[in-house]
Amino acid sequence: MDEWLEVSVEVDHETAEAVAEVLSRYTQRGVVLEGGPDGWEIEPVIVRGYLPVDEQLWTVKRQIEEGLWHLGQIRPIPEPSFRRVAEEDWSEAWKKQLKVLRIGERLVIRPSWLEHKPQPRDVIIELDPGMAFGTGLHPTTQLCLCALERLVRPGMEVLDLGTGSGILAIAAAKLGAGHVDALDSDQQAVQVARGNVMENGAAEQVTVRKGSLADATGRYDLVVVNILARVVTEMAKAGLSERLRPGGVVFAAGITADQAPEVVAALERNGLKLTDQRQRGDWVSLQTRRTPASAGA
């Protein structure tokens, strides 16, 4: 009988994906993000990973504890819990804990094995947990998904920079975008996103490839950048506004409230005017439009 060590951490939505990223460095079978008994909307979220019980176990356990400790210097994280489990006790059981996640008015994130009776206007995204970023739990992802509901129009050309799991590119396609270029600098993310795009029947609309802003040569109606404040600032300086068609929009997230003024200043110095700012928890999104002066450049 195979035996595994389960590591679990109870955190809020905002911290869940960062904890999952730490665990995913060491777990062999991915990371599970579980909602509570009352669904995803109610905190806490439980992040679980499984380690094989072998000669490396205690070294890996210590590395996880150290990684979470360092993360805890940024945002408080409770001590992880550990317990030994037999393989048959968890390989299917964790699936029973997962719920369908509704975001905004229309978007629904559904694990592949769960049934969901959609409402007439629901847009279903099939996404299994296990990858660290882009599950829909983090406030920045939710801000972006809600923005896509507002901004995507039929036939739009969309650029998704830092696509991660591909969740935003898939959402844009299912909301009616004509084509989406989805770029990520991490090859593993590219492979995961391609798989998710295929599973969602969006391969004809979404092109996933390795790269970043410098590798996007077209012009777009909408550019979504859900990365880090520093990267958004660097992209603004590197010609982010030049990737827009006249009247095009850049929607940026991954920015904390205290970082927002600096990012807004960088965007506005480089041809983008702030038109909307929203906040969820400690996180801010910035909606900008290409200014007439830069559009004529």
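## Exercises on a helix pair and a sheet

The crossing of helices α7 and α8 is left-handed, and the model in which it is found is a predicted one.

**Exercise 1.** Work out which residues make the contact between α7 and α8, and how these residues divide into nonpolar, polar and charged.

*Solution.* On the side of α7, the contact is made by A229, V232, T233 and A236, while α8 contributes V263, A266 and L267.

**Exercise 2.** Determine at what angle the axes of α7 and α8 cross, and what that makes of their relative direction.

*Solution.* Begin with the two elements, helix α7 at residues 229-237 and helix α8 at residues 260-269, whose axes come within 8 Å and cross at roughly 15°. Angles under 35 degrees count as roughly parallel, and therefore α7 is roughly parallel to α8.

**Exercise 3.** Describe the open sheet by finding the order of its strands, its edge strands and its average twist.

*Solution.* Seven strands follow one another in the order β10-β9-β8-β11-β12-β14-β13, with mixed pairing. The edges are β10 (206-210) and β13 (272-280), each of which pairs on one side only, and from one strand to the next the twist averages 15°.

**Exercise 4.** Find how β9 and β10 pair, and which helix packs on the sheet touching both of them.

*Solution.* Strand β9 (residues 179-184) pairs with β10 in the parallel sense over five bridges, and D181 has T207 in β10 as its bridge partner. Helix α6 (residues 187-199) touches β9 and β10 as it packs on the sheet, and its direction makes about 165° with that of β10.

How values were computed: Residues numbered from 1 in each chain as written. Predicted model: local features only at pLDDT ≥ 70, side-chain atom pairs only at ≥ 80, totals over all residues. Heavy atoms only, no water. Axes fitted to C-alpha atoms, helices over the stretch in contact; angles between N-to-C directions. Helix = DSSP H or I, 4+ residues; strand = E, 2+ residues; numbered from the N terminus. Parallel < 35°, antiparallel > 145°, perpendicular 65-115°, else oblique. Left-handed = near helix turned anticlockwise from the far one by under 90°. Contact = heavy atoms within 4.5 Å. Nonpolar A, V, L, I, M, F, W, Y, C, P; charged D, E, K, R; others polar. Pairing = 2+ DSSP bridges.
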